[in-house]
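Hi,

Here's the structure I promised to pass on.

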Amino acid sequence: MRILMILLTAVFVLSACGNDESQTQDNQGANDTEHMQHDASGKLPEGLQEADDPEFPPGSKAIIQADHMEGMKGAEATIVGAFDTYAYEVTYTPTNGGKHVDHHRWVIQEELKEANEHPLEPGIEATLEADHMEGMKGATAIVEKVEDTTVYMVDYTSIATGEEVKNHKWLTEEELAQLRE
């Protein structure tokens with residue numbers, strides 16, 4: 001069974017290596033996850049508001065459609081929290097001298113120093129207060145994309161490693177699918 005999982009993962013990774021520019025752009029930085037940090041405490045940024053009527057309420061289950069980290073796509077998630085905010089895709093160079101990160105998904109309004117109640121526009125520079133990856137906090141980022149959305153904090157078990165991941169921040173509604181029973 002383990003060999004089958006490894007083979008399936010290899011096929012998935014190799015199939016993602018096409019020449020489609022938008023696919024490549026979307027996945028830059030997304031697969032550079034060896035420095036991901038998880039805060040098992042579930043501490044939330046100050047001012048973050050719970051969603052009134054989320055598609056996936058806390059305690060519900062969903063299937064992850066995003067591949068922010070190895071073993072994430074296809075995993076069953078338990079929704080820990082749902083919050084209404086602006087989500088940003090950003091490009092930045094880590095403060096610790098790490099590799100430049102293109103199109104990191106996601107940081108939220110409450111994790112950008114310059115943000116207030118209005119969204120920042122693409123092309124604007126902002127200081128990251130998020131600490132999702134090593135060298136992220138304090139880095140200057142360029143806003144690539146902004147979405148007014150519900151973001152989710154989730155728990156899941158990596159389908160690649162079997163590792164339990166607690167309080168992963170953040171997934172958008174479009175990156176989750178209903179669990180089929």
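Let's start with W170, which is buried, with a relative accessible area of 0%. Keep in mind that this is a predicted model, so every value here is computed from it.

What does W170 pair with? Its partner is F83, and the two rings make an edge-to-face aromatic pair, 6.0 Å centre to centre with 80 degrees between the planes. The pair links distant parts of the chain: F83 sits in strand β3 (residues 76-92) and W170 in strand β7 (residues 164-172), 87 residues apart. F83 has a relative accessible area of 3%. The cut-off for buried is under 20%, so F83 counts as buried too.

By the rule used for ring pairs, the chain has 2 aromatic pairs. Are F56 and Y152 buried or exposed? Both are buried.

Now for the whole chain. You'll find 2 helices and 8 strands, and from the N terminus the order is α-α-β-β-β-β-β-β-β-β. Of its 181 residues, 41% count as buried. Among contacts between residues at least 6 apart in sequence, 62% join residues at least 24 apart. The chain exposes about 10,100 Å², and carbon and sulfur atoms supply 49% of that.

Cheers

Definitions and conventions: Residues numbered from 1 in each chain as written. Predicted model: local features only at pLDDT ≥ 70, side-chain atom pairs only at ≥ 80, totals over all residues. Heavy atoms only, no water. Helix = DSSP H or I, 4+ residues; strand = E, 2+ residues; numbered from the N terminus. Buried < 20%, exposed > 50% of the residue type's maximum accessible area, 1.4 Å probe, protein only. Contact = heavy atoms within 4.5 Å. Areas by Shrake-Rupley, 256 points an atom, 1.4 Å probe, with all protein chains shown as cover. Phe/Tyr/Trp six-rings, centres within 6.5 Å; stacked < 30°, edge-to-face > 60°.
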